[in-house]
Amino acid sequence: MEFFNVTTIKNLSTVQCAIKQHQELHCFDRYTIICPLSDYSKFKSVFSINRLVQVVSENDLISVERFQEISDAITDKYCGKKINKRRINWYYQQVLKLTYALQSTDPQTVMWDADTVPICKINFFNKTDSIIYGSQIEYHADYFTTLKEIFHFDNPKYAMTIQFFTLAKNEKQHLKETLRTYLHQSKNDTTAEWLTKIVAGAVASAHSDLPIFEKSYFSEQELVGVSNLKHSNSSQKTIKHFRPGRQWSTTKFKVKWLGILGYKYYTIERYFQNQHRAEAEIYFAFYLVYDILRSLRFFNKK
């Protein structure tokens, strides 16, 4: 099994913590970090003594300049608009993740978001396929509107934007075939260039009448999750994920209680962090209660 993420140096401490936890919880052959060329040397230096970790530059897959050149040409053709500069990295990261996942030769691949840390062991696969997880939060209809441009499916019960996605060998092949049906891969296109055309084309086609590139309209986690669901025709399992956003500070006490309450992992969003310890502790308590209550409301609606 291989883990990988796409990140920048701002998530270095979280990535270090996550990799340490994964090594204690999961058996894997390799953990790949995909980062900008400007961060490559730092990541290489930090993880030089960990033989399980390899570092890859984004440019080895596709540069952001080449991504923007292709996507601008595609979206301009569909709707006369280009990707908003604020959103370019969102779509770029989706393509990087899909590219690496589809090119990986490992029979079991896990994309794990770089801002997320596991709390306890997660069973990602059964004998041949992914175990398909979903969440009662992060359900964005716009993502599914975009995916309808690529292939037909019934909307899943739970969202699959859950901070990770998984692909077994046969699921990779199924996803490739699905994407090739939507858009044939030219022999002159790399995998990343082909995927850029698919993502940009599907978004522009589905949302041509909206200010489409001022917000996000595509999630690679939903694409992979829906594809896996369609391939296996199995049912989703819910998974609990703690994503408070603001004023988070990591302590053993918090992580212990999250584990007791059934949370499998948590997310640290650096740009939201607050340095005031008292405020952070109060916010944690209130958000935890809110998260539990909204989960109860969700299940009561079913």
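In this predicted model, Arg66 and Glu193 are joined by a salt bridge (a side-chain nitrogen of Lys or Arg within 4 Å of a carboxyl oxygen of Asp or Glu), their closest N and O atoms being 3.0 Å apart. Arg66 belongs to helix α3 (residues 64-79) and Glu193 to helix α7 (residues 191-206), so this contact ties together parts that are 127 residues apart in sequence. Helices here are DSSP runs of H or I with at least four residues, strands are runs of E with at least two, and both are numbered from the N terminus. Glu193 is buried, with a relative accessible area of 12%, whereas Arg66 is partly exposed at 29%; buried means under 20%, exposed over 50% and partly exposed in between, for a 1.4 Å probe and protein chains only.

Arg66 also meets Glu69 in a salt bridge (3.1 Å, N to O). Through shared partners, Arg66, Glu69 and Glu193 form one network. The count of salt bridges comes to seven, among them that of Lys97 with Asp113.

Turning to the strands, β4 (residues 108-112) has four of its five residues buried, so it is largely enclosed by the rest of the structure. Strands pair if DSSP finds at least two bridges between them. Strand β1 (residues 2-6) runs parallel to β4, joined by three bridges, while β7 (residues 164-168) pairs with β4 in the antiparallel sense over five bridges.

Residues are numbered from 1 along each chain as its sequence is written. Local features need pLDDT of at least 70, side-chain atom pairs count only at pLDDT 80 or more, totals for chains, interfaces and linings use all residues, and side-chain values use heavy atoms, leaving out hydrogens and water.
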